[in-house]
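Welcome! Here is a short briefing to read beside the sequence and the 3D view.

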Amino acid sequence: MSKIKILSSDVANKIAAGEVVERPASVVKELIENAIDAESTSIRVEIRAGGKALIRVSDNGIGMEREDALLAIERHATSKVSQIEDLENIHTFGFRGEALASIASVSEFELLTRTPDAIQGTQINVDGGVFRSVEESGCSPGTHISISNLFHNVPARLKFLKTDTTEINHITNHVTWAALAHTSIHFSLTHNTKVILDVRACDSYLERTRLLYGKDFADNVIEFSEELHDFKVSGLLGKPEFTKANREYQLFFMNQRPIRSQMLGAAIREGVSATVQKDRHAVAILFMTLEPETVDVNVHPAKTEVRFRNERTIFSGIVKVLRSVINQEKFIPKIDTSTETINRDTSEEVQTDPSAEITPSTQSQFKPTTSPENRTNPIDTSEPIVDSPQKVEPIPVDTKSQIEETEPTSTEPTSKVSGTTVVHPQQSIPDGVKLKLLDFDNVELKTNLFKTYIVAEGEDRIFFIDQHVAAERVLYERFVNQLKSDGIPVQGLLLPITLEVTPQQIGILKTHGDLFKKIGFDLEDFGGNTILIRAIPSTLPTRSAGQTVTDLLDKLPEQPHSDVEIPKAIDDALITLSCRSAVKAGDTLDTKEMINLIRELSYAKLPFNCPHSRPIIIEMSRDELERRFHR
């Protein structure tokens, strides 16, 4: 007896659903693509309970006759492909004919459709792949599909769905991507009757970006379009000072289809490498137009991955275009000091590794005073990280220096303000200013190089201390200690800062609202995609508040699910806060500030590396210096 059997259509559809219908967002994606193929100019998406209870997608497209509507829910029924050659010349989004059949097999499915010239429409109901009814029904022209109780007959799939917040974030992504690629279509998205997106039809990618991401985002990107030999590329490139903490804002579209591509990501990194810091990621939205025969869109069941015939040509073309955009623009950041209470250098610090310029031949002579065990920053609640102020020894200062003992520095440079003129202290360092630097003896403060590196002289050695990363370490450990005791000090803002964010970031803010309060932020949902910053940590400059909040919203997980992820989220937030609050390369420190910074660093638990694992102190021996001068 044969052991091989032909699968029933019900089982085959459920297997196909496993490939096509991964989660509610997969359903939304497939239905939106069908609506786009139907020449719609308006697409409405209604969601309840993150898509688990209801997904309804309505369009005003060409609709279907009764016969076509019945065929549409059959597996492999399609109007786009009739022979194998058609797979190499696909201009539509849906073409396999699996989507509706797969969706209907794992949900309560209702289809309402009507062509513009028909008097009556057609209503079809399917429950778990079982055909229930077909009848005439009144409806507006177009197609209206409702999906209720997704995965109700496949409980194993249902239990793997995440929270409503996570699922609606995935849905919002798909609607946003479709809206970006199809600017001539009006898109709306509601969740539990609340409007998430509502973007009218417009004429350009830049205008659509403004509607989706806000004015600040649109004002910090450059629109470009270039016709190359094998393809056309258009898009938006963020200015060098407008970067993100992750790659979430690097989006790729091929013939208006959102895709994933490691090759395109590598091309962006290469193209902007001269202007974007290594620990930051460029904002880049690319729209590529290629001849269908030069790309295979049939690689992945969800059509999110493609295979280019000539990847090398595309890679080099993207790099060339991005570099051309950068070279043609004058990136002059705007400086706004109207809300400043602490005056500082308004330019963003270039986060460079102090040892990055040391050549291989000399690197061995510069020994970072670091050890492998000091490269992590776990939040250890078992013991305090920094000794209490009562345990800090006074700084021994030579009487000739005439420098009085001061309180621990806030790691922010002080400034003298007269009218609109900012005067930084520019005092020389007296001879014999002693330092408390770790456990080294007879260390003297000598100078500050490039307003970045503090230079100290010890017995037979020279120490180079990066003021920014040293301040990062001091602040990070201070914040951790404050969280364990009375909390991080807060300063209220006389005028709240208005910040435009994305719907996804609003969801993350709701998830991590308590975390923001713990680290000193008072944030208020102002409606729509706007939040108000009413209070910030006392060490954070006002000008850095908005960027710090958006960086945290980009880095924090959508929904932490374990005891490990929650402390890590807090730790990542403190690292970001310490970086944004610390003095920068180029900030002027006076002698007292340098002394206090090094003193606090000396009492840190991990004084050799900043929270990002960069070295804080590099030393050079006197013997090496004399050898270089052939003494």
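**The sheet and its neighbours**

An open sheet is formed by 8 strands in the order β5-β4-β3-β6-β2-β1-β7-β8, with mixed pairing. This is a predicted model, in which local features need pLDDT of at least 70, side-chain atom pairs count only at pLDDT 80 or more, and totals for chains, interfaces and linings use all residues. Residues are numbered from 1 along each chain as its sequence is written, and side-chain values use heavy atoms, leaving out hydrogens and water.

**Inside the sheet**

- β5 (130-137) and β8 (194-199) stand at the edges with a single partner strand each, so one side of each has no neighbour in the sheet.
- On average, neighbouring strands are turned by 10° against each other, direction ignored.
- Strands β3 (residues 108-114) and β6 (residues 142-148) pair in the antiparallel sense over 7 bridges; two strands pair if DSSP finds at least two bridges between them.
- F109 has I147 in β6 as its bridge partner.

**Helices**

- Helix α2 (residues 24-37) packs on the sheet and touches β1 (42-48), β2 (54-59), β6 and β7 (186-191), where contact means heavy atoms within 4.5 Å.
- The axes of helices α6 (residues 164-181) and α7 (residues 205-213) come within 9 Å and cross at roughly 155°.
- That makes α6 roughly antiparallel to α7, a term for angles over 145 degrees.
- This contact involves T176, A179, L180 and A181 of α6, and Y205, R208, T209, L212 and Y213 of α7.
- In helix α15 (residues 545-555), 9 of the 11 residues are buried, meaning under 20% relative accessible area with a 1.4 Å probe, protein chains only.

Definitions and conventions: Buried < 20%, exposed > 50% of the residue type's maximum accessible area, 1.4 Å probe, protein only. Helix = DSSP H or I, 4+ residues; strand = E, 2+ residues; numbered from the N terminus. Axes fitted to C-alpha atoms, helices over the stretch in contact; angles between N-to-C directions. Parallel < 35°, antiparallel > 145°, perpendicular 65-115°, else oblique.
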